[in-house]
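I opened a new page to look up the pockets in this structure. I want their volumes and what lines them.

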Amino acid sequence: MANEKPLRKISEAFKELEAAVNSQTAEIEVAPFSSACSLVSPLFGCLGIAFKFAEIDYVAKVHDLAEASKSISTLPILLDRDIEGDSVRKAGSHSRNLLRVKRGLDMVRVLFEQIIVTKGNSLKDAASKAYAQVFAPHHGWVIRKAVAAGMYALPTKEQLLHKLNEDENSARVQMQNYIAASTPLILYIDKLFHSRKLGLDW
């Protein structure tokens with residue numbers, strides 16, 4: 001990641017998606033959505049072993065959505081295709097993968113919120129709260145236990161910012177940008193599922 005600014009790339013890409021959500025005239029397209037999501041992948045890698053499961057799962061699901069974008073234009077059409085094929089909840093379905101990717105985005109949002117308000121150099125509290133809020137309700141005991149053990153191997157805040165080529169002030173700005181941009185996008189995706197009576201807890 002030498003000289004790259006992943007946080008900046010992430011916040012810029014999600015600002016564009018936020019603008020599309022706020023326009024209310026166009027649906028979110030799968031291609032720019034999956035492209036923006038792929039920029040988030042290195043963040044999970046930076047968090048070490050605690051989030052290795054999330055990184056592997058998230059990267060695979062984003063890749064599936066990127067492949068889907070070659071034949072499916074928008075997120076609503078993606079869900080509707082699975083509904084027509086009666087495959088929404090099937091393992092590997094695009095709808096299932098979209099829901100998992102959305103959780104990854106939400107986890108990063110909560111993590112950033114917690115990093116901003118948590119004093120000190122440890123990421124343990126911030127990462128634990130983000131995991132507990134977003135992922136833990138959907139994970140079995142074994143994964144939750146493994147994640148809890150991995151929390152002790154998290155990088156410090158200083159180490160994370162160094163990996164991301166940011167100082168504390170610049171990182172805060174980019175994290176706030178991502179929080180502001182991702183929140184309406186996450187709500188938009190939730191609404192797509194709810195309006196089709198698909199639910200989110202599966």
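Predicted model: local features only at pLDDT ≥ 70, side-chain atom pairs only at ≥ 80, totals over all residues.

Entry one, the second largest pocket. I read a volume of about 220 Å³ for this pocket. Its lining is made up of 13 residues. Which of them lie nearest its centre? I find Val21, Gln24, Glu27, Tyr188 and Lys191 there.

I then looked up the elements behind this lining. Helix 1 (6-23) and helix 9 (168-195) each give at least two residues to the second largest pocket. Helix 9 has the largest share, with six residues. By class, I list eight nonpolar, three polar and two charged residues in this lining.

Entry two, the largest pocket. I note a volume of about 270 Å³ here. The largest pocket is lined by 13 residues, and the closest to its centre are Phe53, Asp57, Arg100, Phe135 and His139. Which elements give two or more residues to this lining? They are helix 3 (52-68) and helix 5 (94-117). Helix 3 gives the most, namely four residues.

I sorted the lining of the largest pocket by class as well. It holds seven nonpolar, three polar and three charged residues.

Last entry, a reminder to myself. Empty space left between atoms shows up when a probe the size of a water molecule is rolled over them.

Definitions and conventions
Residues numbered from 1 in each chain as written. Heavy atoms only, no water. 1 Å grid on protein atoms, 1.4 Å probe; cavity = no way out; pocket = protein on both sides within 12 Å on 5 of 7 lines; lining within 4 Å. Points joined across faces, edges and corners; volume = space filled by probe spheres on them. Nonpolar A, V, L, I, M, F, W, Y, C, P; charged D, E, K, R; others polar.
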